[in-house]
Amino acid sequence: VAPFLAYLEQHPDTRLLVAPDHFTLISTKTHAGGPVPFAICGRGVAQDNAMAYGEREAGKNGVLIENGFELVHHFLRDDPLDFRI
């Protein structure tokens, strides 16, 4: 993360999206149903109050994108944190 943050300081129009492709339970070490966490940073992205990156923390912020494939559309918009539409 540190190299990207340094890059971001020199290239302020950049954004980064981090997301897994599926939910995996540690107890079974296999795919499971459920929402997955994601993180976005960069131009136009306001900081939220998340204290960690993970399923439990993601469930606290109230942002849910029903169709995961739509995440990239939100990421590319000029207002990437307007997820409640």
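1. Glu 66 lies in the loop between α2 and α3 (71–76); helices (H or I, at least four residues) and strands (E, at least two) are DSSP runs, numbered from the N terminus. Glu 66 counts as exposed because its relative accessibility is 66%, where exposed means over 50% relative accessible area, buried under 20% and partly exposed in between (1.4 Å probe, protein chains only).

2. The model is predicted: local features need pLDDT of at least 70 and side-chain atom pairs count only at pLDDT 80 or more, while totals for chains, interfaces and linings use all residues. Residues are numbered from 1 along each chain as its sequence is written, and side-chain values use heavy atoms, with hydrogens and water left out.

3. The chain has 3 helices and 4 strands, and the order from the N terminus is α-β-β-β-β-α-α. Along the principal axes, the C-alpha atoms fill a box of roughly 40 × 30 × 25 Å. Of the 85 residues, 21% count as buried.

4. Strand β1 (residues 15–18) contains Leu 16, and Arg 15 is also placed in β1. Arg 15 counts as buried because its relative accessibility is 12%, whereas Leu 16 counts as partly exposed because its value is 31%. Arg 15 and Arg 43 are 28 residues apart in sequence, yet 5.9 Å apart in space, C-alpha to C-alpha.

5. Leu 16 also belongs to a nonpolar surface patch with Val 18 and Tyr 53, and together the three have about 240 Å² of accessible area. Patches are made of residues with over 30% relative accessible area and no salt bridge, like charges being joined within 9 Å and nonpolar side chains (Val, Leu, Ile, Met, Phe, Trp, Tyr) within 5 Å. A salt bridge is a side-chain nitrogen of Lys or Arg within 4 Å of a carboxyl oxygen of Asp or Glu. Accessible areas come from the Shrake-Rupley method with a 1.4 Å probe, and for residues only the protein chains shown count as cover.

6. The loop between β2 (23–25) and β3 (30–32) holds Lys 29. Lys 29 is not a glycine, but has a positive phi of about 55 degrees. Most residues other than glycine have a negative phi. Lys 29 counts as exposed because its relative accessibility is 71%.

7. Ala 32 is placed in strand β3 and is partly exposed because its relative accessible area is 26%. Its C-alpha atom is separated by 7.6 Å from that of His 22, 10 residues apart along the chain.

8. The largest pocket has a volume of about 1300 Å³. Of its 43 lining residues, Phe 38, Ala 39, Ile 40, Asp 48 and Asn 61 are the closest to its centre. On a 1 Å grid over the protein atoms alone, a pocket is an open set of points where a 1.4 Å probe fits, with protein on both sides within 12 Å along at least five of seven lines; lining residues have an atom within 4 Å of a point. Grid points are joined across faces, edges and corners, and a volume is the space filled by probe spheres set on the points.

9. At least two lining residues of the largest pocket come from each of α1 (2–10), β1, β4 (39–42) and α2 (55–58). Strand β4 gives the most, with 4 residues. By class, the lining has 29 nonpolar, 9 polar and 5 charged residues; Ala, Val, Leu, Ile, Met, Phe, Trp, Tyr, Cys and Pro count as nonpolar, Asp, Glu, Lys and Arg as charged, and the others, Gly among them, as polar.
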